[in-house]
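These are my notes from going through one structure. I wrote down what I looked up, in the order I looked it up.

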Amino acid sequence: MTDKRLRVFSGVQPTGNIHIGNYLGALRQFVALQEENDCIYCIVDLHAITMPKDPAELHAHILDVAALYMAVGLDPKKSILFVQSEVPGHAELSWILTCCSYTGELSRMTQFKDKSRGNESAPTGLFVYPALMAADILLYDADVVPVGQDQRQHIELTRDLAIRVNNRFGEDTFVVPEGRFLKEGARVMALDDPAAKMSKSAENEMSRISLLDDDAKIKKAIMRATTDSDGEIRYDIQKKPGVSNLLAIYGAFAGISAEDVAARYQGQGYGTLKKDLVEITVDALRPIKERFAEIRPSNELARILKDGAARADAIAGPVLARVKERFGLGV
Ligand code: AQP
């Protein structure tokens, strides 16, 4: 990263069960970046309704993510924290970018393929979701987008759309953003199935560790995690995906590489590795849970989010005006 302060944008969906994959892949990057850059972190509620949601639950999850943002270390004085639907420019730019995207490229998005599974009644929002995500990023002239590996394809599409529009209307229409992916933690896999990514919506609760899980649940999920039968501790994602996932999680929490964790545990059993991983995870999540319990009931949350939306809107307004003018929209 250069010395220049960069504009950083990212978001999390308020879909409940925020897990260590979200934390290790994305949230901890958000915190690290806020000291030296201008950061804008969104709670992307418009994305959450691409699948039907109970309104009361959605509202509670929005406030949960806001409290978790602060519990992991985001400071509303340093970063802009807000809710996507409070800034109308997201939906407006999303339509403009939907009109610039091709049905072929949208139908190749793996997240759409996974979630729709060829179902003709899959919501249209699920299909055009990547154009909304591109709008989220391009609306703020973001230079950098810290995300997990699963978002790589969406970031590529965002770049393609920005370049496509720039080729037509001028290089200074959109800033072409870069994705930022960590080495350890960018793709945390499900504990019960290391072929699938850890996900908020997986049915089996033991597949993930949510940031607010109690210590007993954390222990149960890790001790039951799928490994293999040869008993050798080695980092090899292809041949030993289960153990490699545990090593990567350990490394991400401890700030060392998964290979170094493997070297540390060479010759020891999976039981020892799992027991120590329970300890390291419980220790890492304890302060987050404590801060969450203090912040979540506070009436300050709504005020912080309203203030964040006003600051975000002030940045988005001129960008949207510039884009609309290039397209010839409006009076
Ligand atoms: N397993 C993961 N490992 C590393 N990073 C991950 N992220 C998600 N899962 C992992 C990153 O977390 C950020 C926020 O994700 P999101 O809220 O946009 O939801 P998602 O990517 O759709 O994640 P989930 O948890 O799998 O939710 P559901 O089950 O609702 O689809 C992103 O930066 C993402 O890369």
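Where is the place of Thr158? I found Thr158 in helix 8. I noted at once that the model is a predicted one.

**Entry 1: Thr158**

I then looked up its contacts, leaving aside neighbours within four places in sequence. Thr158 is in contact with Ala134, Ile137, Leu138 and Pro177. I also checked Gly179, which is 21 residues from Thr158 in sequence. From C-alpha to C-alpha, the two are 9.9 Å apart in space.

**Entry 2: helix 7 and helix 8**

I turned to the packing around helix 8. Two packed helices are described by the angle between their axes and the distance between the axes. For helix 7 (residues 124-138) and helix 8 (residues 152-169), I read an angle of about 70° and axes 9 Å apart. Angles of 65 to 115 degrees count as roughly perpendicular, and therefore helix 7 and helix 8 are roughly perpendicular to each other. Their crossing is right-handed.

Which residues of helix 7 meet helix 8? I listed Tyr129, Pro130, Met133, Ala134, Ile137 and Leu138. On the helix 8 side I listed His154, Ile155, Leu157, Thr158, Leu161 and Ala162. By class, the residues of this contact are ten nonpolar, two polar and no charged.

**Entry 3: helix 10 and helix 12**

I looked up a second pair, helix 10 (residues 241-254) and helix 12 (residues 270-295). Their axes cross at roughly 35° and come within 10 Å. The crossing of helix 10 and helix 12 is left-handed. From helix 10 the contact includes Leu246, Tyr250 and Phe253, and from helix 12 it includes Leu273, Leu277 and Ile280. I sorted the contact of helix 10 with helix 12 by class and got 13 nonpolar, one polar and two charged residues.

**Entry 4: the cores**

How many residues does the largest nonpolar core have? It has 66, and those with the most contacts inside it are Ile20, Leu27, Tyr41, Tyr69, Leu211 and Leu273. Helix 3 (residues 55-71) gives the most to this core, with ten residues. Apart from this core I found another, of 38 residues, with Val44, Ala142, Leu157 and Ala312 among them.

Last, I followed up Leu211. Leaving aside neighbours within four places in sequence, Leu211 is in contact with residues including Ile18, Tyr23, Leu68, Val72 and Lys289.

How values were computed. Residues are numbered from 1 along each chain as its sequence is written. This is a predicted model: local features need pLDDT of at least 70, side-chain atom pairs count only at pLDDT 80 or more; totals for chains, interfaces and linings use all residues. Side-chain values use heavy atoms; hydrogens and water are left out. A nonpolar core is a set of buried Ala, Val, Leu, Ile, Met, Phe, Trp, Tyr and Cys residues joined through side-chain atoms within 4.5 Å. Buried means under 20% relative accessible area, exposed over 50%, partly exposed in between (1.4 Å probe, protein chains only). Helices (H or I, at least four residues) and strands (E, at least two) are DSSP runs, numbered from the N terminus. Contact means heavy atoms within 4.5 Å. Axes are lines fitted to C-alpha atoms, for helices over the stretch in contact, and angles run from 0 to 180 degrees between N-to-C directions. Angles under 35 degrees count as roughly parallel, over 145 as roughly antiparallel, 65 to 115 as roughly perpendicular and the rest as oblique. A crossing is left-handed if the near helix is turned anticlockwise from the far one by less than a right angle, and right-handed if clockwise. Ala, Val, Leu, Ile, Met, Phe, Trp, Tyr, Cys and Pro count as nonpolar, Asp, Glu, Lys and Arg as charged, and the others, Gly among them, as polar.
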